[in-house]
Amino acid sequence: MNFEIKVKQTIKKYKLLKKSDKVIVAVSGGKDSMTVLYLLKKLGYNMSALHINLEMGKWSEMHLSNIKKFCSELKVPLHVYSVRKELGRSMCSIKSIVKSRAKLQDCTICGILRRWLINKKARQLGADKLATGHNLDDASQTVLMNYFKGNLMIGVNEGPYVGIISDRKFVQRIKPLYFIPEKEVEIYSKKMKFPVIYERCPCVVGAYRHRIRQMLDELGDKKAKENIVKSFLKILPKLRKKVNIHELHYCKSCHEPCRNESCKACLIMSEIR
Ligand code: AMP
Ligand code: ZN
């Protein structure tokens, strides 16, 4: 099926967006989020883009320059926030300190801080929805990772529409590429000549997710990723019924929504103070 039609169908079937929604696309500069940016603009949504500059040297500079170029071509307003300005240090510096003290992996630290900043900034910008570039490969890896950790419940917030918890401080996240294999996004993005760097983040090697990705790719079975995700979505309504939404708190330090007294981002940042 045609790539664009498939994305459109996901948006329609899962009611990801209304025409009146103000949608913000979280763009990393990678092929997935740049594709989401292009397609939502093409489909005529009221949108803008948000980028967190991780200040990882040349890597970040090249991404930022591509994002600026693409947003200006598409006439999409862009909001850029710097990790150094928001958190006081570059992502590499934060990671090198926290890694040894808290025994957390690079990608875990970066992911938690990014999600925390993205949610906060999107809310401050008045977004109704926050779109990310997660694709079928990301989704199937996440399901398997949670399975292997012995706790599928960690994934109750997964799915093309993220947000069982309706809270004024949580911006609802949507994933228009949820059913599109990564390879297809790459082919589309290359065909469209999007200004994108195709190498993975230099820090990703060794991450647990990376090992799961290799395992799934080695299987070489195109249908397997789709089956993993579809069977998970079938049991998701049952998992969601078990969640106690009253467990939601506001972090005692930053007042962002979280499940415990302090949010994970504040716990990480407390390691470097
Ligand atoms: P990742 O966790 O790197 O697989 O990224 C997942 C999604 O988060 C991407 O598709 C983007 O939508 C978003 N994202 C990742 N990094 C950034 C960033 N630096 N700034 C804004 N959004 C980001
Ligand atoms: Zn906090």
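In this predicted model, the side chains of D21 and K129 meet in a salt bridge with an N to O distance of 2.7 Å, a salt bridge being a side-chain nitrogen of Lys or Arg within 4 Å of a carboxyl oxygen of Asp or Glu. The pair links distant parts of the chain, 108 residues apart, with D21 in the loop between α1 (3–13) and β1 (22–26) and K129 in strand β4 (residues 129–131); helices (H or I, at least four residues) and strands (E, at least two) are DSSP runs numbered from the N terminus. The structure holds 19 salt bridges.

Ligand 1 is surrounded by residues that include S28, S33, R114, I118, T132 and H134, where a residue is near a molecule if one of its heavy atoms lies within 4 Å of it. Strand β2 (46–53) and helix α6 each supply at least two residues of this shell, and β2 gives the most, with three residues. Backbone N or O atoms approach the ligand as well: that of A26 lies 2.6 Å from an oxygen atom of ligand 1, that of G133 lies 3.0 Å from an oxygen atom, and that of V27 lies 3.3 Å from a nitrogen atom. The protein covers 76% of the 480 Å² of accessible area that ligand 1 has on its own, as given by the Shrake-Rupley method with a 1.4 Å probe.

Residues are numbered from 1 along each chain as its sequence is written. Local features need pLDDT of at least 70, and side-chain atom pairs count only at pLDDT 80 or more, while hydrogens and water are left out of side-chain values.

Technical notes. Chains lettered and ligands numbered in written order. Polar contact = N/O pair within 3.5 Å; in protein donor to acceptor, adjacent residues only side chain to side chain.
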